[in-house]
Amino acid sequence: MLKRNLWKLIISLAIVLWAVSSLLPLQDHKFDSFVASKAQAKQTEFNSLIKEASEGVSSHKYASVFVALKSIANERKIDLTQYFPELKLEASLKNIQKRNDILLNYLLKKSQSPLQLGLDLKGGIAFTLEVDPAAFAKEGEAARTQKLAKAIEIIGNRINGLGVAEPLIRPVGDNRIEVQLAGVSTKDNPEVVDNLKKPARLEFCLVHPTLNPATTAPADVPPGYRTLILDQEGRNGQATATELFVKRIPEATGEIISDAFPSMDEYGKFRIILKFTSAGSKRFAEITRKIVENNQASGQVGQLAIVLDGKLYYAPSVQKEIDSPSAEITGSFSQREAFDLSNVLNNPLDLPMQIKEQYEVGPSLAQDAIDSGVRATVIGTALVAAFMITFYSVGGLVAIVTLAINLLIIVGTMASIGATLTLPGLAGIVLTIGMAVDANILIFERMREEIAVGKSLSTANESGYMKALTTILDAHFVQLIICGIMIGLGTGPIKGFGVTLAIGVISTLFSVLITAHLVLEVLIESEWVKKITMRRILKEIHVDFVKYGKPAFIASWMLVLLGVAVVFYKGERIYGIDFAGGDVVTAEFAKRIDASDIRKVAIASGAGEVSSTYASALGGGKEVLKLETAEGKSVAFFAALQAAYPDAKLVSVGSSHIGAAIGKEIEWNALLAIGASMAVILVYIAFRFEFGFGVGAMFSSLHDILMTIGIFVLFGHQFSAPMVAAILCIAGYSINETVVVFDRIREELKLNPNGSLRAVVNAAINKVFARTIMTSTTTFLAALSLFLFGGGVLRDISFTFLVGIVTSTFSAIFISSQVFYWWHKGDRKHVEAHQDLKPAYSWEAGSKASQ
């Protein structure tokens, strides 16, 4: 037994250990004490440097120990790597400044927890970028708005490539962009703002073939050329600077590039690979052909300069025409520089921007809201665990243990890709707990059926696992396809949700199909467990669901139409600040007001959604209170807050309009992702089952999304960024429930060759009804705990899930299966036209009696 399962044990342990290592350290360490503990050589000398750096911070000479250590080392040309001999840097990199940058950035990253808390839980830094007035001087209002929206998109892509960093990026007024980042400090990483506002204008320019600044008088500079400096690193690591005359008008720009990515050459140095577009490849061949022709005329080898944002990076010699789909930028790049440069090249910003404000922001949620969220998480987890152990005894305990492994893998993977944990993200993890046990319940219910026909526990375990396997794989594979659509078509939070959900789906498959099966098999075959008690919520039922299908279908779609009508009636009022924007008031105060008290005043005054944060200038400064309200409600709410807390002595020192954090493009991408998901569901289910099944699944998913949105709006809720992710999650949950029913219908068609389609559909639903209620209950309990014990955004998210769970359970029984039945007009012959669904008649398959 152990030999047969050894590979499962090794893989499970390896992945768990990797997940744990990805989460360490659990908390950020102070940089000075961390680096001091890691220094292995010349410790007294290094501690002296740390002390000097700390004194420089205390005297306000440096912003942080990180910056101080870097500055002191570079000024005195001290190679800091000598104190860390166990950290092997590339030997070919001789430049001391580059070596120090790589080392300190590595140590800074290692001193911080990989999984950072979000802006709502911990706060972070914020800065405001203003467009250079000259860039907007000749632009109309529509053009300015469009360019600002594009700039927000580009900055978002630079910060949040995978969509899991949870930044806040939005327009302020008509020429500013506010960016809030969690887990980042400009004290330790002052380059972060500069990297975001870089234009990334790439130019390919000719170098003068005969003249150079070193031998040319200033008055004789050739017309049309400018002097640029090429910084290079010599073999001894010393930097050298060479001046070149570079043509002002480029031969080509970054438009000829389709992609840029970092790579390492044969010497271990980083470079940037540039992939040309088809037209760009032809243009590059023309440019190099022109240089070769000039070579023949002048008798000297010409150069082509690669210039980025006015800086000369590379000026290679051109000796022959280059007709290639790619080129490269080489230089003394550190790994981070190579990745950052590739990132900005892939997201060029055509608006020059200036930094107007930089400040630290506190958590946007009050401590009571954070505490209630954590409490709801614990209660939800406990409820699911109690439910599983009550109804499945030892099996439920195994499910909970493997669920813990599942969550560890999810959180570890998120930490490894730089995800940020927010309170809505924590809610998503709680709901994952409820949904993840679904696969376990599928297996346990199949085991129950096998035990009921007299099979041993060991045989029932194996048989139940194999019979549930196809259903589990189909349901999760459809969800993975939906995740792929979100990642491919979505941006920002839509893409991030797709990434997070995909991690959860894959982790659930692994923990259930590999780890849980391994544990249960070992327990049963070693006879440590000789019996698994399984209880029921419902006993076997015999209901004619097809009979009630039509009235249930009509009633539910009437409710859907009512919800859609309310959505259209309310119009823009269904959107919260994330979608519609609003007003922000900045106030000075004499006494802090707790965020929970501000929320109470907002409710009492009818101001609706209000967000409050405390902010202070970087490096110190007076703390101010920032209040965000819906548009047009800031004045009345601020007056109500002044009246409620006169001791705070609130004084408004500024106000402005803030734009939507969720732009029109993200809205459109969300709709596009839903539409594409419907099409993929139809195609995949039709391929794996039959076309009528595909139509039923598509109707069911659409019904669930529209029903959830309609009821959400009917109860007066407004859409925010987390709501988009919650509604998309309903689509994944819905198809999971539907596939379980369809898989049983397909099985019944094979096992019951003489039954009518009506009898087959009813039999299938009756057999899975109890299981459907069981799985819905676990997810419902997790969502209910968030709704009852959470607050604010948690209540909105959990309300969405409560509605979605009920709706998905209803539609799996009364929508998807009924549409499938009606599509085939109640005739199983239409279904059996699909070869996979033909029953195995005895005269086709042979009988045991004849063998």
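## How two helices cross

A crossing is left-handed if the near helix is turned anticlockwise from the far one by less than a right angle, and right-handed if clockwise. In this predicted model, where local features need pLDDT of at least 70, side-chain atom pairs count only at pLDDT 80 or more, and totals for chains, interfaces and linings use all residues, helices α15 and α20 make a left-handed crossing. Residues are numbered from 1 along each chain as its sequence is written, and side-chain values use heavy atoms, leaving out hydrogens and water.

## α15 against α20

Look at α15 (residues 545-570) and α20 (residues 691-714): their axes come within 8 Å and cross at roughly 50°. That's why α15 counts as oblique to α20 (under 35 degrees is roughly parallel, over 145 roughly antiparallel, 65 to 115 roughly perpendicular, the rest oblique).

Among the α15 residues in contact (heavy atoms within 4.5 Å) are Trp557 and Lys570, and the α20 side includes Phe699 and His703. By class, this contact has 14 nonpolar, 4 polar and 1 charged residues.

## α2 against α3

Now try α2 (residues 31-38) and α3 (residues 43-58), which pack at about 170° with axes 10 Å apart. They are therefore roughly antiparallel to each other. Asp32, Val35 and Ala36 in α2 meet Phe46, Asn47, Ile50 and Ser54 in α3.

## Around Ile745

Met388, Ile685 and Ile745 touch the most other members of the largest nonpolar core, which has 120 residues (buried nonpolar residues joined through side-chain atoms within 4.5 Å, buried being under 20% relative accessible area with a 1.4 Å probe, protein chains only). Helix α21 (residues 721-751) supplies the largest share, 17 residues.

Methods. Axes fitted to C-alpha atoms, helices over the stretch in contact; angles between N-to-C directions. Helix = DSSP H or I, 4+ residues; strand = E, 2+ residues; numbered from the N terminus. Nonpolar A, V, L, I, M, F, W, Y, C, P; charged D, E, K, R; others polar. Buried < 20%, exposed > 50% of the residue type's maximum accessible area, 1.4 Å probe, protein only.
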